[in-house]
Amino acid sequence: MAEVIAQEKQGKQKKKMIRVDMTPMVDLGFLLITFFMFTTNFTKPNVMDLGLPAKDPNLHPTDIPVIGDQNQITFILGKDNRVFYHQSNQKDLNTGNLKETDFSGIKISKIIAEAYKNAPAQNKFTVIIKPTDEANYKNFVDMLDNLAISKKERYGVTDIKPWETKVYKELTQ
């Protein structure tokens with residue numbers, strides 16, 4: 001029990017000792033702290049929804065449709081905020097086909113829109129994102145933001161292939 005004790009003054013008048021019990025005040029303080037903690041809105045984390053399809057148990061690898069080079073565009077996220085893109089397959093990809101852009105403005109959204117416009121089958125058009133080991137998380141989020149801006153819902157995130165790594169290394173060294 002917390003209390004405050006005041007001593008008597010020496011003098012003509014005799015005063016009683018004053019004793020103030022602080023226990024109710026401490027209880028009230030804890031009740032107020034508890035009340036404000038339960039009624040406060042804590043900051044909610046910023047979350048980005050990724051629309052992932054359900055896995056089909058009846059799907060066989062031979063049933064997966066081939067998208068085609070012109071119905072897709074691949075973005076490779078590199079180090080130092082560099083981003084490369086191409087619409088080539090393994091045998092056609094070279095340092096001339098792997099083009100570089102950056103995240104400033106709406107360049108990536110324009111590239112996606114142009115590739116979509118030139119796609120033979122626009123209903124199958126897919127954006128493929130391949131971050132390298134040197135890429136940072138901010139660039140990945142920026143890429144997803146550009147997909148949201150360009151309103152393309154078909155996209156995939158996968159590892160960079162060895163043949164793409166070879167061409168990427170040639171351009172970055």
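**View 1. F75, a buried ring in a predicted model**. F75 has 0% relative accessibility, so F75 counts as buried. The cut-off for buried is under 20% relative accessible area. F75 belongs to strand β3, which covers residues 72–77.

**View 2. F75 and Y85, a tilted pair**. A search of the whole structure turns up four aromatic pairs. One of them joins F75 and Y85: the ring centres are 6.0 Å apart and the planes meet at 40 degrees. Planes under 30 degrees apart would count as stacked, and over 60 as edge-to-face, so this pair is tilted. F75 sits in strand β3 and Y85 in strand β4 (residues 83–86), so the pair ties together parts ten residues apart in sequence. Y85 has a relative accessible area of 17%, so Y85 is buried.

**View 3. F84 and Y168, an edge-to-face pair**. Here the distance is 5.6 Å centre to centre. The angle between the planes is 80 degrees. F84 lies in strand β4, while Y168 lies in helix α4 (residues 162–172). The pair therefore ties together parts that are 84 residues apart in sequence.

**View 4. K152 and Y116, a charge over a ring**. This view turns to a lysine and a tyrosine. The charged end of K152 sits over the ring of Y116. How far is the charged end from the centre of the ring? The distance is 4.0 Å.

Technical notes. Residues numbered from 1 in each chain as written. Predicted model: local features only at pLDDT ≥ 70, side-chain atom pairs only at ≥ 80, totals over all residues. Heavy atoms only, no water. Phe/Tyr/Trp six-rings, centres within 6.5 Å; stacked < 30°, edge-to-face > 60°. Helix = DSSP H or I, 4+ residues; strand = E, 2+ residues; numbered from the N terminus. Buried < 20%, exposed > 50% of the residue type's maximum accessible area, 1.4 Å probe, protein only. Lys NZ or Arg CZ within 6 Å of the ring centre and 35° of its normal.
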